[in-house]
Amino acid sequence: EYFGQISIGTPPQNFTVVFDTGSSNLWVPSVYCVSKACAKHTKFQPSESSTYQAIGTPFSIQYGTGSLMGVIGSDQVVVEGLTVSNQQFAESVSEPGKTFLDAEFDGILGLAYPSLAVDGVTPVFDNMMAQNLVELPMFSVYMSTNPESSLGGELLFGGFDPSRFTGTLNWVPVTQQGYWQIQLDNIQLDGTVAFCVNGCQAIVDTGTSLITGPTKDIKELQSYIGATPVDGEPTASCTAPAVTIPACFHVHEALGFVPSLALLLPQENSDGMAFCISGFQGMDTAPPAGPLWILGDVFIRQFYSVFDRGNNRVGLAPAV
C-alpha cells in the first residue's frame, strides 16, 4: 500500500492516509474512538483546532475488507501544500475487527467521483477544483516498483509528470462516473485472449494492492501461472517456467503488458525461505455494479496513471 501525509485543523494535526481512487470520503480516527485499531493510530482532536466546525451527521462506510462508523466534521485540510478550506470529513469512532488494527496508515483520503461519497460529502479533489487550488482538473499517480527506493511513489495534483512515463498517454474514457471505471476490451495471456472475451468493466484503484477479477476467471489464471493455495494465499515458485507469461490488458486500441515477474510478489516465510504470492485475487462484484476487474497497485506500478476529471478519462502509459 502507498500512503502519504496530510494535516487537518489549525494548528495542523498530521495523519498518514491512503490516497484511494476507489472511494470518495476522507476519514481519520477520532479522539472519541474506543476501538483497538484507533489506540494504535493518530487521533483527531476537534477541541484543539480553531478552524473546526461540528456537522454531526452520522457516517458509516463499508470497504472491500472492513467497515467503520463515525460522525462528520469540517475543517481545513492541507495536502501537498494545498490548503483546502471547509472540507467535510468523517471522524471515525468505531473501527471493528482487524482490518485497520495493523494498518500503517491512520485514515483514507478518497479520490473517486462525488457519486460514491457517503452522506453526499464533497470529496477533497472536488473542493480543490472548486477553490482553484489546481492548475488542471486532474491528478496523477506514480508507484515505484523498487521497494528499497526512498520514494515509494508520487501523487501529483493539477497535472502530470512526463518524466515518470515513456511514450504518450493512452486516454481511455470513463464509462461510469463513480469509481474510475473503464472498459477493458479483453485480457490476453501469452498473446491469446483468455478472459473478458467480449469486453468487461474495470476500475483503476490505488487502494487495492492486487489485480482482482471474477473468482472463476482468477482460478483459471492462478493455475495458468502455476499458483496453488498455501495457507489460503495463492503461492508460486518465483522462477517457475509457467511464469514467463505476460498478462496483457487490452484497453482502447492499446495493449498494456504487465510483465510476468510483476505478477508475482516475492515474500519470505518465517524460516527465511523465499516464495512468491500471485498478484491476482478472486473477488466477485455483484451486478449491477459488477462484474468488475480491479486494477490495483500491481497494475499501477507498471502504468503511470492520470485521472482527468475535466474530460472524464484515464490516461495510461508505461511507467519509468
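Reader: At what N to O distance do the side chains of Arg313 and Asp308 meet in a salt bridge?
Author: The model is predicted: local features need pLDDT of at least 70, side-chain atom pairs count only at pLDDT 80 or more, and totals for chains, interfaces and linings use all residues. Residues are numbered from 1 along each chain as its sequence is written, and side-chain values use heavy atoms, with hydrogens and water left out. A salt bridge requires a side-chain nitrogen of Lys or Arg within 4 Å of a carboxyl oxygen of Asp or Glu. For Arg313 and Asp308 the N to O distance is 2.8 Å.

Reader: Is Asp308 buried or exposed?
Author: Buried denotes under 20% relative accessible area, exposed over 50%, and partly exposed in between (1.4 Å probe, protein chains only). Arg313 has 25% and is therefore partly exposed. Asp308 has a relative accessible area of 1%, which means that Asp308 is buried.

Reader: Which residues do salt bridges with shared partners join into one network?
Author: Arg164 and Glu154 form a salt bridge at 3.2 Å, N to O. Arg164 lies in the loop between β9 (153-157) and β10 (170-173) and Glu154 in strand β9, so the pair ties together parts ten residues apart in sequence; strands (E, at least two residues) and helices (H or I, at least four) are DSSP runs numbered from the N terminus. Through shared partners, the network consists of Glu154, Asp161 and Arg164.

Reader: How many residues apart are Asp102 and Lys40?
Author: The side chains of Asp102 and Lys40 meet in a salt bridge of 3.2 Å, N to O. Asp102 lies in the loop between β6 (82-94) and β7 (107-110), and Lys40 in the loop between α1 (36-39) and β4 (53-62); the separation is 62 residues.

Reader: Which are the edge strands of the open sheet of four strands?
Author: Two strands pair if DSSP finds at least two bridges between them. The order is β17-β18-β22-β21, with antiparallel pairing. Each edge strand pairs on one side only, and these are β17 (228-230) and β21 (264-268).

Reader: Which residue stands opposite Gln267 in β22?
Author: Five bridges join β21 to the antiparallel strand β22 (residues 274-278). Opposite Gln267 stands Phe275.

Reader: What arc do the buried residues of helix α3 cover around the axis?
Author: In α3 (residues 215-224) the buried residues are Asp217, Ile218, Leu221 and Gln222. Their place on the same side of α3 follows from an arc of only 135 degrees, the arc being that of the directions from the helix axis to the C-beta atoms. The face turned away carries exposed Lys216, Lys219 and Ser223.
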